[in-house]
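Reader: I have some questions about the wording used for this model. Please set each term against its criterion.

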Protein chains: 4
Amino acid sequence: MANIAFFGLGNMGGPMAANLIKSGHQVTVYDLFPEAVEKLVALGAKTAETPALIVQNSDIVISMLPAGKHVFDLYLGNEGLIQVLKEGTLVIDSSTIDSATSIKTAQGLQSKNIHFIDAPVSGGVAGATAGTLSFMVGGTKQNFETAKSILDVMGKNIFHAGNVGAGQVAKACNNMLLSILMVGTSEALQLGIDNGLDPKVLSEIMSNSSGSNWTLDVYNPCPGVSEGVPSSNNYQGGFMTDLMAKDLGLAMDTAVQSHSSTPLGGLSRSLYALHQRAGNGKKDFSSIFEQFSAKS
Amino acid sequence: MANIAFFGLGNMGGPMAANLIKSGHQVTVYDLFPEAVEKLVALGAKTAETPALIVQNSDIVISMLPAGKHVFDLYLGNEGLIQVLKEGTLVIDSSTIDSATSIKTAQGLQSKNIHFIDAPVSGGVAGATAGTLSFMVGGTKQNFETAKSILDVMGKNIFHAGNVGAGQVAKACNNMLLSILMVGTSEALQLGIDNGLDPKVLSEIMSNSSGSNWTLDVYNPCPGVSEGVPSSNNYQGGFMTDLMAKDLGLAMDTAVQSHSSTPLGGLSRSLYALHQRAGNGKKDFSSIFEQFSAKS
Amino acid sequence: MANIAFFGLGNMGGPMAANLIKSGHQVTVYDLFPEAVEKLVALGAKTAETPALIVQNSDIVISMLPAGKHVFDLYLGNEGLIQVLKEGTLVIDSSTIDSATSIKTAQGLQSKNIHFIDAPVSGGVAGATAGTLSFMVGGTKQNFETAKSILDVMGKNIFHAGNVGAGQVAKACNNMLLSILMVGTSEALQLGIDNGLDPKVLSEIMSNSSGSNWTLDVYNPCPGVSEGVPSSNNYQGGFMTDLMAKDLGLAMDTAVQSHSSTPLGGLSRSLYALHQRAGNGKKDFSSIFEQFSAKS
Amino acid sequence: MANIAFFGLGNMGGPMAANLIKSGHQVTVYDLFPEAVEKLVALGAKTAETPALIVQNSDIVISMLPAGKHVFDLYLGNEGLIQVLKEGTLVIDSSTIDSATSIKTAQGLQSKNIHFIDAPVSGGVAGATAGTLSFMVGGTKQNFETAKSILDVMGKNIFHAGNVGAGQVAKACNNMLLSILMVGTSEALQLGIDNGLDPKVLSEIMSNSSGSNWTLDVYNPCPGVSEGVPSSNNYQGGFMTDLMAKDLGLAMDTAVQSHSSTPLGGLSRSLYALHQRAGNGKKDFSSIFEQFSAKS
């Protein structure tokens, strides 16, 4: 069992840390919100006053933070952990951030012989709670292997995407594609409905044809077609529009830097920005369907 | 066994008629190209001088023609078959055309008590040859049931989409969505490649995540990722860009008429039009990937 | 002065006919709504019971109708005017319809040596009332010259776009481009506003730079930037979203038929369809700005 | 006359510095390429070994550099000019960079009471040479007034866009809109051509109608319509596709950060990225027309 420091106990980080505790690891946790810390302490976590004390005995540090600047600051800022981490520590950053910051952070830590992998997740709060997340990992093969036994506790699919930063790129690509599937499925279903088709019948036809895709098959955005998905629960739960908009922003940053052409991905970003501004940021991202189905 | 008249013996119609013959049906065939007719006659088909003679003893008429005007003319034009078809004949039109023409044709034939279903297919030449096409059928339940035993000879999945015209709508929706999947998958893969990822690794990650879709999973557009698909055969074979462009045109006509918003579908149409104009009309539609992967 | 028959006395046709009367022409009018006819009769128009009687003495027939099927029916339908029009009559169709119908109608009338030009307008109700419309004319040079003195009474700019149908194509191109200018200007202004710029200042900068365009310069969509435009009048008056959506549909039909790639035009159509479905069909088309400026 | 230090003597910076010299200012220049420096020295500029020596007597520092990181490094890097600039110096950065870097640089310099304005330009090499550039300035009113007499030497239109960073935002908005005008005009012209219209006639009609915009009216992308523009010179000269792609990247970064929806701007970025990858980076940006006009 490892000695793990865990930073960031939000909707995702909290249940991830809980799963580590349940599996018998020694986990020391940190968050700016005391209530978040208390919940984990009640499950058996330790805590401490400062980040430096948190990592005192850690072999592994995991972070789950909102944005690139938080990650960079935690490790390399004025009071960054680089000053206190032991040589050979493995840092697993599961935040969804831009790959450039992942690479810059890895390079900074490398100067003190501290290892770094980026390991963003997909699967949402439900996956974090159930321990069935997907991890997309960027880092050396050796660091990936070391991390795998830990990640297995929190996830089901652990992918090695490539070198440091590749985990972030893989997630950006996947979520950009996911948004395209969702918007495309929504407009195709509504086109059928507008021309008299039953969305259940049309969904079944397309799912069994070349239109088959994850959003159509298992996360149908049209209310009443599938049960147990956000569209049949007033678009509550699931993966918030705000988060999809954030991920699409990261994908666009990546595309701009590499001079990649992403016509459908860029358009999805703009459509989700419209949807967000119209007041739907907290709804599941499948609620984009409502933009197409509105009847004045 | 039924007495079937078959009009249109092109790349698709030819092998479809052949499968009907093989299964023991009495098939009388017609095409403007004598060689196309001769091939089928060699397999056991009958033929005759004029369309009117072709349908003389038919219980069922099948048509597989390039565009709506051909279908309308065959049945309702100046020398249309409506003048000679027996009451109670079932017309199965497998052409991919606009649903408005399907409906207009059905209504015209109805006046003489001739039954009509639209039954466009997907699955390409390979599916037509193997008898594994998908049929998307629009028509009454009774006509659908009558047709099913015939369609089963030529296809594997026989879907009842709704009333007359619904088959065409379902195909337009599916193929519009298919084009979105293809363009979206292409740009996502190239975004990964541009940022150092191996397309095989990225494809596997996304296929096992929420980016999963038919084009990524079984028809990967990036050369070298999958075997036995057009992208690994210089984009030869498969489903031609010209045909995808035609289907997207039908989808746009449908969307315009129903005031449906199809941002990604409309954009895919324009991207395929660009691809077509750049000289790629005869390549498989997955060759759109080359637009994104070009490196000046 | 000419003997003119005028069909279609709606928001546009009414004031157009009125201007013809004012200028001294002998005008006989027809509309399905008696009140519309009465208004013109009060101004000096004649009328009659049937279309055939309306055109009895006409040298020139003008039509201003909602859609292609109305135009085709008026001239070539079961009781079409072709049966009663004198040889050598000049038909001026100012309806905004698809160019294919214009061409088909011209060809039909040609068989009786009746001349036809398509002459759709821009300039709205205000332009129709003031007699300052723009006419985009398709037809022979001779017919154009004959029509010009009549059109001059109703409009300010009379353009000869080309052969029959070219007037419709020119209008479709212009209005597609107009919609792109409007959406593009709206998103550029809001991008500036979101980043702290004053829309008046930004408008002035761009109007004096390479961003200059008709919508920015004289029809600014951001409330408060210009006076006397719909955006400063709660988007009342002007050119309705519903009409822009109709014109974009005609542009898409044209693009599909000629295999033209129209990425921005197609996207504008879908954005206007979304806007329309959200309940904004009766607002001026500059109200698309509100989609971008919403703040949740 | 002022004592001016000028950093960055490329295609734009060189002629800008030359105009300052001609007007009698004392100009000390710096560039990494000795030949660029020599050209200006031949016109009367001074030079020196190091940046620190260059600014020794300067009241005003002007920079014209390729990207944000160069600007930040010049002023605030390890050997940044902040260490040697006199209190009260006015820094005019005419580079086209992201506004966030402009703001960060201004804040850094402010700590030593050094003033900063961002003043990106438009007008290209021709405008730089003729002294007819447009400057879009972000900064305090007082700094703007101080700079104006200097900027007047190099430009014709000097706009005050707002606070620091606003010049960059205004340029990003304008050039995003410019790209939309160019793509939209190109597709509208080709739609007309595909349907039989003469591009000269169509251009004149739209320029005199609501389709009027800068690219149509004075920079027509269709070869043969206008004289003296890049499209009539094989798309040589003008504003390179590579530079438009760079500016669109900056616009997208800005839009992502402010959660602004930019459907047409984002799509233009992707179309220019495709155009760039197809090998057209060095052609004028109006060459995007060739994508639409290709005939396979």
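Author: Start with contact: two residues are in contact if their C-beta atoms, placed from the backbone, lie within 7 Å. The model itself is predicted.

Reader: What makes you say that chains A and C meet through the same surface?

Author: Take the interface residues of chain A. 100% of them are also interface residues in chain C, so the copies meet through the same surface. The contact takes ten residues from chain A and ten residues from chain C. On the chain A side, α12(A) gives the largest share, five residues. By class, that side has three nonpolar, five polar and two charged residues.

Reader: Why are chains A and B described as related by a two-fold rotation axis?

Author: A rotation of 180 degrees superposes chain A on chain B, with 0.0 Å of shift along its axis and an RMSD of 0.0 Å. The two copies are thus related as by a two-fold rotation axis. In chain A, Asn213(A) has the C-alpha nearest the axis, 1.9 Å from it.

Reader: What makes up the contact between chains A and B?

Author: On chain A, 55 residues are in contact with 55 residues of chain B. Several elements of chain A each supply at least two residues of that side, among them β8 (133–138), β9 (155–162) and α9 (199–207). The largest share, 19 residues, comes from α8(A). The chain A side divides into 27 nonpolar, 25 polar and three charged residues. Here too, 100% of the interface residues of chain A are also interface residues in chain B, so the copies meet through the same surface.

Reader: Why is Asn195(D) called buried?

Author: The cut-off is 20 or more other C-beta atoms within 10 Å. Asn195(D) has 22, so Asn195(D) is buried. Asn195(D) lies in the loop between α8 (166–194) and α9 (199–207) of chain D.

Reader: Which residues does Asn195(D) touch, leaving out those up to four places away in sequence?

Author: Asn195(D) touches Ser99(C), Val169(C), Thr254(C) and Ser258(C).

Reader: How do you describe the packing of α11(C) and α12(C)?

Author: Two packed helices are described by the angle between their axes and the distance between the axes. Helix α11 (residues 241–257) and helix α12 (residues 263–280) of chain C pack at about 150 degrees, with their axes 9 Å apart. The crossing of α11(C) past α12(C) is left-handed. Among the contact residues are Leu248(C) and Met252(C) of α11(C), and Arg269(C) and Tyr272(C) of α12(C). By class, the residues of this contact divide into eight nonpolar, eight polar and two charged.

Reader: What confidence does the predictor give chain A and the complex?

Author: Chain A averages a pLDDT of 96, and 100% of the residues score at least 70. The complex has an ipTM of 0.95 and a pTM of 0.96.

Conventions
Residues are numbered from 1 along each chain as its sequence is written. Chains are lettered from A and ligands numbered from 1 in the order in which they are written. This is a predicted model: local features need pLDDT of at least 70, side-chain atom pairs count only at pLDDT 80 or more; totals for chains, interfaces and linings use all residues. Axes are lines fitted to C-alpha atoms, for helices over the stretch in contact, and angles run from 0 to 180 degrees between N-to-C directions. Helices (H or I, at least four residues) and strands (E, at least two) are DSSP runs, numbered from the N terminus. A crossing is left-handed if the near helix is turned anticlockwise from the far one by less than a right angle, and right-handed if clockwise. Ala, Val, Leu, Ile, Met, Phe, Trp, Tyr, Cys and Pro count as nonpolar, Asp, Glu, Lys and Arg as charged, and the others, Gly among them, as polar. Copies are superposed by least squares on the C-alpha atoms of residues with pLDDT of at least 70 in both. A residue is buried if 20 or more other C-beta atoms lie within 10 Å of its own, exposed if 12 or fewer, and partly exposed in between; C-beta atoms are placed from the backbone. pLDDT is the predictor's confidence in each residue, from 0 to 100.
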